[in-house]
Amino acid sequence: MGNPQENSSIENRENLVSQPDENGFFGPYGGRFVPEPLVAPLEELTEAFLRHRDDEIFREELAREYLHYSGRPTPLYHAERLSEYLGATVLLKREDLNHLGAHKLNNCLGQALLARRMGKKKIIAETGAGQHGVATAAVAARLGLACDIYMGEEDMRRQHPNVTRIELMGARVVPATSGDKTLTAAVDEAIGAWVAEVDDAYYLLGSAVGPHPYPLMVRHFQSIIGQEARRQVQEQFGRLPDLLTACAGGGSNAIGLFHPFMADEEVKMVGVEAAGSGVTTDRHAATMTTGKPSVIHGMNTYCIEEGSVTAEGNHCIAAGLDYPGIGPEHSLLKDTGRVRYEAAGDREVIAAFENLCRFEGIIPALESSHALAYLERLKGEFPADYLIIVNLSGRGDKDMDEFITRRNEVDRNEANGGGVDEGGPRSGLFC
Ligand SMILES: *Cc1c(COP(=O)(O)O)cnc(C)c1O
C-alpha cells in the first residue's frame with residue numbers, strides 16, 4: 001500500500017488535473033449539446049476511445065506513428081539570441097518540425113488509428129483554412145482509409161493550394177455551399193454526412209472542441225507535446241519551467257502542452273488568443289477576453305457574442321486562431337485561474353514573427369507568433385533565471401502571402417498616423 005504520505009500526494013496531484021465527469025463536463029463547461037441522431041454515434045465513440053486509450057498495443061501503434069511518420073520527439077530548442085533579447089531563457093517546443101509542419105498531425109494520427117480499430121472504412125472531416133484537412137488526408141493515405149474533406153466553397157477559393165494538397169493525397173474535397181460557404185457550412189455538411197454513413201464513417205475533429213468525447217480525446221492525443229517537453233526540460237535544465245505559453249484558437253496545442261504540467265503548481269500557464277485589430281473593435285477572435293459562456297458546436301463554453309464582431313472575412317492575421325469559441329476545458333481553467341488568457345493584436349504579432357526569423361532563423365506560424373508577441377510585451381521584466389517554454393505550434397512557410405499583405409497594410413496605417421491595431425489589454429507578468 002506504500003506510505004500514506006505518498007498516497008495522499010498522488011491524490012492531490014490528481015485533484016489538480018481537470019478531468020471531465022462521465023458526461024464530459026469540465027465544471028459547467030463542455031457536455032454534449034447535440035441533435036438526437038448524434039447521441040448514439042458519440043456514445044459509441046466515447047466507449048471505443050476509453051477502451052483503446054490504455055490498451056498496450058494501441059499505445060505502441062501510436063508511439064510508432066509519432067516516431068516513424070511524424071518524426072517525433074520534436075526538439076525543445078534553446079532560442080539563445082531571442083532569450084538574450086527578451087531577458088529570460090526561452091525554449092521553443094518545435095511542433096513546427098512535425099511532418100506537415102504543425103501539431104495538428106498528433107491528433108489526426110491518434111484519431112485515425114482509433115477509426116481503424118473501430119472498423120471504420122472512411123474518415124470525414126471539415127476544414128477551414130485547410131491545415132486540418134491536409135493533416136487528415138495524410139493520415140487517411142497512410143492508413144489506407146477513404147477520406148472526404150468538407151470545405152466551404154469560399155475557403156476552397158482562398159486556400160486553393162491546400163485543396164490541391166488534399167487531392168494529391170487521394171482524399172476528396174467536398175465543397176460546402178450552405179450559408180456563408182466557410183467553416184460553419186463545412187461543419188454542418190460534414191456532420192450531416194457522418195450521420196448518414198455512421199456505420200462506416202469516422203468523424204475526425206481537429207481541435208479540443210465540440211461535444212464529448214472530442215475535447216478529452218484531442219487533449220489525450222496532443223498531450224505528447226507536454227509529456228516530451230516535461231522530460232526534455234528536466235534533462236536539459238534539471239528543473240521545471242516557470243512559465244508555459246501557447247496560442248489558443250480551439251485550444252488543442254495549448255492544452256497539449258499544458259496538461260502534463262497541470263499538477264505542477266509552480267508552473268504558470270498563459271494561453272494567447274487573437275486580438276486582431278483590437279479587442280474593442282469588430283475584428284478579433286478574443287474569446288476569453290470578450291466572450292461569455294454559451295452553447296456552440298455541441299459544447300457549453302466561452303464564446304464571442306453574436307454581432308460583436310463582423311460577420312465577414314478574417315478576424316485576425318492567423319486563420320488557425322479565427323474561431324469564436326474555445327475548448328471547454330480552457331473555460332474552466334480560466335474560471336479557476338489555473339491558466340491566464342491574454343490577447344495579442346496583429347501588429348505586435350507581425351513584429352514578434354519578424355524577430356524570431358531574425359534572431360533564430362526560424363519562420364514561425366502566425367498562430368504561434370501570438371505566444372511570442374505576449375512574451376515581447378514582458379521584455380526586460382522577467383525575474384532572474386526565468387525559464388519559459390513556448391509552444392511553436394507550426395511553421396510559417398504557409399503564411400508568406402498573408403504576411404506580405406498585412407505588413408504593407410500596417411505600414412500604410414502607420415504612414416497615415418492611424419493606430420487601428422490597438423492589440424490586447426496589458427496585464428504584466430503572471431507570477
Ligand atoms: C490550427 C493551428 C492552431 C490553432 O489550433 P489550436 O487547436 O488552438 O491549437 C495553432 N497553430 C497552428 C500552426 C495551427 O495550424
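Visitor: How far is the side chain of Asn-253 from an oxygen atom of the ligand?
Guide: An N or O atom in the Asn-253 side chain is 2.8 Å from a ligand oxygen, a polar contact (a pair of N or O atoms within 3.5 Å). This is a predicted model, where local features need pLDDT of at least 70, side-chain atom pairs count only at pLDDT 80 or more, and totals for chains, interfaces and linings use all residues. Residues are numbered from 1 along each chain as its sequence is written, and side-chain values use heavy atoms, with hydrogens and water left out.

Visitor: What about Ser-207 and Gly-251?
Guide: A side-chain N or O atom of Ser-207 is 2.6 Å from a ligand oxygen. For Gly-251, a polar backbone atom is 2.8 Å from an oxygen atom of the ligand.

Visitor: Different topic. Why is strand E4 largely enclosed?
Guide: Five of the six residues in E4 (residues 89-94) are buried, so the rest of the structure largely encloses the strand. Buried means under 20% relative accessible area (1.4 Å probe, protein chains only), and strands are DSSP runs of at least two residues, numbered from the N terminus.

Visitor: Which way does E4 run against E14, parallel or antiparallel?
Guide: Parallel, with six bridges joining E4 to E14 (residues 387-392). Thr-89 has Leu-387 in E14 as its bridge partner.

Visitor: And how many bridges join E3 to E4?
Guide: Three, with E3 (residues 76-78) and E4 running antiparallel. Tyr-77 stands opposite Leu-92 in E4.

Methods. Polar contact = N/O pair within 3.5 Å; in protein donor to acceptor, adjacent residues only side chain to side chain. Buried < 20%, exposed > 50% of the residue type's maximum accessible area, 1.4 Å probe, protein only. Helix = DSSP H or I, 4+ residues; strand = E, 2+ residues; numbered from the N terminus. Pairing = 2+ DSSP bridges.
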